[in-house]
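Me: I'd like to learn how to read a model like this one, feature by feature. Can you walk me through it?

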Amino acid sequence: MGNVLLHPEKWVDKYSDYLYNYTIVRVNDHEIAQDLISETFLAGLNSKDNFKGDASERTWLISILKRKIIDHYRKINSNKGRAEVRVNYSDEDAEGEWLEEKVKDPFDRTAEDRMENEELGLAILNCMDSLDERQAKIFKMKTIDDFDTEAICNEFNITPSNLWVIIHRARRAMAMCLEENWF
Amino acid sequence: MNFRILFKCGDAAHICDKSQYRESSRTERILMRMHQWWCKVCRQHSAENTKLTEIIQKADLKSIPDEKKQEMRKVIQQEISK
């Protein structure tokens, strides 16, 4: 038995955005991504007795989420499979220009870029985990969610000067962390 | 006009941070650049700070809307108390 314990009451605050960024690039639909995360949390709660405590909570939740994503695609494919039209390239007619469809476009970097951006996004969220909770929340609201300085100051009951000190420290810590783990 | 930006690294760094969020004024940015002409440390810090902004933008991170998070918390809480 490992020594990691589950704290489901903190899952939404700690992991929902990480899981969301992991999911959105795979399902490409905000609603579906959010539903899959809700399902993941519920499945996690239902199988919490199986958690051995060897992996981190997040790793364990990701493994559940992966299965949810696979199930989601299975469901889609079983629905549309019957209507799918397949091109048979072994036909004798398939000559000349038709064969171009089979050649991978060497200049199409979309998939590669998306994958790199996803890894980068998860690295950024990993680094945000190393900030203290309040600092991470303020940094996220300001940098990712694009909240006004005034709105954040009101929510946390701090002055703009306090906010900028927190942002400065968070940015320094983030830059150092990403320097170590990304660049 | 805050001419301290010209001489104090702390003030220049503060403007550099505000600039990342487009919250600095034009004058503040000019004074910060003037500071950076002669201050190598601030020049380097500014480059790193800008790089951080660029990679965060590139990652295009998304957040779950607060209402949805609230909904998730509620469901989890209900399940826990069952």
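The dialogue below goes through the chains, their contact, some helices and a few single residues.

Me: Before we start, what kind of model is this, and how are things numbered?

Reply: This is a predicted model: local features need pLDDT of at least 70, side-chain atom pairs count only at pLDDT 80 or more, and totals for chains, interfaces and linings use all residues. Residues are numbered from 1 along each chain as its sequence is written, and chains are lettered from A and ligands numbered from 1 in the order in which they are written.

Me: Which pattern does chain B follow along the sequence?

Reply: Helices here are DSSP runs of H or I with at least four residues, strands are runs of E with at least two, and both are numbered from the N terminus. Chain B has 5 helices and 0 strands, and its pattern reads α-α-α-α-α.

Me: And is chain B compact or spread out?

Reply: For that, take the radius of gyration over C-alpha atoms and hold it against the globule rule, 2.2 Å times the number of residues to the power 0.38. Chain B comes out at 20 Å, well over the 12 Å that the rule gives for 82 residues, so it is more spread out than a compact globule. Along its principal axes, the C-alpha trace spans about 65 × 25 × 20 Å.

Me: What share of chain B is buried?

Reply: Count neighbours: a residue is buried if 20 or more other C-beta atoms lie within 10 Å of its own, exposed if 12 or fewer, and partly exposed in between, with C-beta atoms placed from the backbone. In chain B, buried residues make up 27% of the 82 residues.

Me: Where does chain B touch chain A?

Reply: Two residues are in contact if their C-beta atoms, placed from the backbone, lie within 7 Å. The contact takes 25 residues from chain B and 30 residues from chain A. On the chain B side, the elements giving two or more residues are helix H2 (9-20), helix H4 (40-59) and helix H5 (66-80). The largest share, 8 residues, comes from H5(B). By type, the chain B side divides into 12 nonpolar, 3 polar and 10 charged residues. In that tally, Ala, Val, Leu, Ile, Met, Phe, Trp, Tyr, Cys and Pro count as nonpolar, Asp, Glu, Lys and Arg as charged, and the others, Gly among them, as polar.

Me: Let's pick a residue in H5(B). Is Arg73(B) buried, exposed or partly exposed?

Reply: Arg73(B), which lies in helix H5 of chain B, is partly exposed, with 17 other C-beta atoms within 10 Å. Its C-alpha atom is 44 Å from that of Cys9(B), 64 residues apart along the chain.

Me: How do I read the sides of a helix? Which residues of H3(B) are buried?

Reply: Look at the arc made by the directions from the helix axis to the C-beta atoms. In helix H3 (residues 26-38) of chain B, the buried residues are Glu28(B), Leu31(B), Met32(B) and His35(B). They cover an arc of only 100 degrees around the axis, which puts them on the same side of H3(B). These buried residues pack against helix H1 (4-7), H2 and H4 of chain B, while Arg26(B) and Trp37(B) are exposed on the other side.

Me: What about H7(A): which of its residues are buried?

Reply: They are Trp164(A), Ile166(A), Ile167(A), Ala170(A), Arg171(A), Met174(A) and Leu178(A). Their arc is only 155 degrees around the axis, which puts them on the same side of H7(A). Ser161(A) and Glu180(A) are exposed on the other side. You can check the length too: the expected span is 1.5 Å times one less than the number of residues. The 22 residues of H7(A) (residues 160-181) should span 32 Å, and the end C-alpha atoms are 31 Å apart, which agrees.

Me: Which way does phi go at Asn157(A), positive or negative?

Reply: Phi of Asn157(A) is near 55 degrees, a positive value in a residue other than glycine. Asn157(A) sits in the loop between helix H6 (149-156) and H7 of chain A and counts as exposed, with 7 C-beta neighbours inside 10 Å. Asp60(B) also has a positive phi, near 50 degrees. Asp60(B) lies in the loop between H4 and H5 of chain B and is partly exposed, with 15 other C-beta atoms within 10 Å.
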